[in-house]
Amino acid sequence: MAVTGMATIDYLYVLDSHPVEDSENPVRQHDVVVGGPAGRGAIAAARLGNGGVKLYLLCGTGVHAEVLRTELGKEPLDATLFERKQVSQHSAVIVTADRGTRSTIWLPQPYADDEFLTELPSVFDGADGALLDCTDPVLSTAAITSCRERNVPIVIDTGGYKESSEAYLRGIDYIVSPQKFFGERTPGVSLEHAMEQAFDDFRPRVLVATQGQRGGVFLDETGWHRYRGHPVETKDSCGAGDTFHGAFAWAVAAGADTAAALDIASWSAARKCAVFGNGGIPDSIQLQQFLAGEA
């Protein structure tokens, strides 16, 4: 499986509540973890599959780039990072102790350039699936082209709605979006109508709307379906969506049908939320326990 898109370093701080202007806020807990749709998604896929994941991305230079390399090196994946001369991407993430909600302050990663794109196609050679995001339209377009030339199934994490994604979402195998994507794309209509419109416009194999702990819905050529949530006591919701997408992409690449893949993804995201940082993202042993009804 191959992954490209945005990865970053998240500096996590747990506070009693979200800070107000001109306040001092003691930190209850702190951690440094890999974040971003591609970064955390690749980790989720690699842990569930015990390896077999290639991650290809750009980063800046300096201490944050070194931390990113170090943290990725702890995971069972093959990460290739290309440095560009700018302060490397990183985020300060404030998590509230009472509800696990978050606020993020971030610096972006470099955008794809010609040198990076020249090397990109080989990343998908022999891949059984691809996980992409919509953070860089040029990168997304190039990655989709490479996957189609190699008949590699694509899972794309849209995040919130971006008009630029209209140019390349048509014909993607699996489009996975938060519910808000559809409301932002087609305001003033029901989720059902907005998803049907997106399905007609993009013609994916599967269109998914995630709804957090409630689970979500998906639409394919056979009609409407719902997948379940796996409620937990939330300690840290940061990266739940990234974990969901990585787990789903891995399950699809491993041969699971859509319903089974979404159940694995929903469970994986819940496990992530139950533990502060990335320690809750499950591995292959925990997955087998879950599938056997033991977790």
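**Exercise 1. Is N151 buried or exposed, and where does N151 lie?**

Step 1. N151 has a relative accessible area of 72%. Buried means under 20% relative accessible area, exposed over 50%, and partly exposed in between, using a 1.4 Å probe and protein chains only. N151 is therefore exposed.

Step 2. N151 belongs to the loop between helix 4 (137-149) and strand 9. Helices (H or I, at least four residues) and strands (E, at least two) are DSSP runs, numbered from the N terminus.

Step 3. The phi of N151 is near 55 degrees, a positive value in a residue other than glycine.

A word on the model: it is predicted, so local features need pLDDT of at least 70 and side-chain atom pairs count only at pLDDT 80 or more, while totals for chains, interfaces and linings use all residues. Residues are numbered from 1 along each chain as its sequence is written, and side-chain values use heavy atoms, leaving out hydrogens and water.

**Exercise 2. Find D22 and describe its phi and its accessibility.**

Step 1. Look in the loop between strand 2 (8-15) and strand 3 (29-35), where D22 is found.

Step 2. D22 is not a glycine, yet its phi is positive, at about 60 degrees.

Step 3. The relative accessibility of D22 is 80%, so D22 counts as exposed.

**Exercise 3. Which residues does V155 contact, and how far is V155 from V3?**

Step 1. V155 sits in strand 9 (residues 154-157). Its relative accessibility is 2%, so V155 counts as buried.

Step 2. Contact means heavy atoms within 4.5 Å. Setting aside neighbours within four places in sequence, V155 is in contact with A130, L131, L132, Y174, V176, F248 and A249.

Step 3. V155 and V3 are separated by 152 residues in sequence, and their C-alpha atoms are 9.7 Å apart in space.

**Exercise 4. Which residues touch the most other members of the largest nonpolar core?**

Step 1. A nonpolar core is a set of buried Ala, Val, Leu, Ile, Met, Phe, Trp, Tyr and Cys residues joined through side-chain atoms within 4.5 Å.

Step 2. The largest such core has 46 residues, and those touching the most other members are M1, V3, V53, L55, L68 and F248.

Step 3. There is also a second, separate core of 36 residues, with C147, I156, L169 and V217 among them.

**Exercise 5. Describe how helix 8 and helix 9 cross.**

Step 1. Two packed helices are described by the angle between their axes and the distance between the axes. Axes are lines fitted to C-alpha atoms, for helices over the stretch in contact, and angles run from 0 to 180 degrees between N-to-C directions.

Step 2. For helix 8 (residues 258-273) and helix 9 (residues 284-291), the axes come within 12 Å and cross at roughly 120 degrees.

Step 3. Angles under 35 degrees count as roughly parallel, over 145 as roughly antiparallel, 65 to 115 as roughly perpendicular and the rest as oblique. Helix 8 and helix 9 are therefore oblique to each other.

Step 4. D263, I264 and W267 of helix 8 make the contact with Q286, L287, F290 and L291 of helix 9.

**Exercise 6. Is K272 buried or exposed?**

Step 1. K272 is part of helix 8.

Step 2. With a relative accessible area of 0%, K272 is buried.
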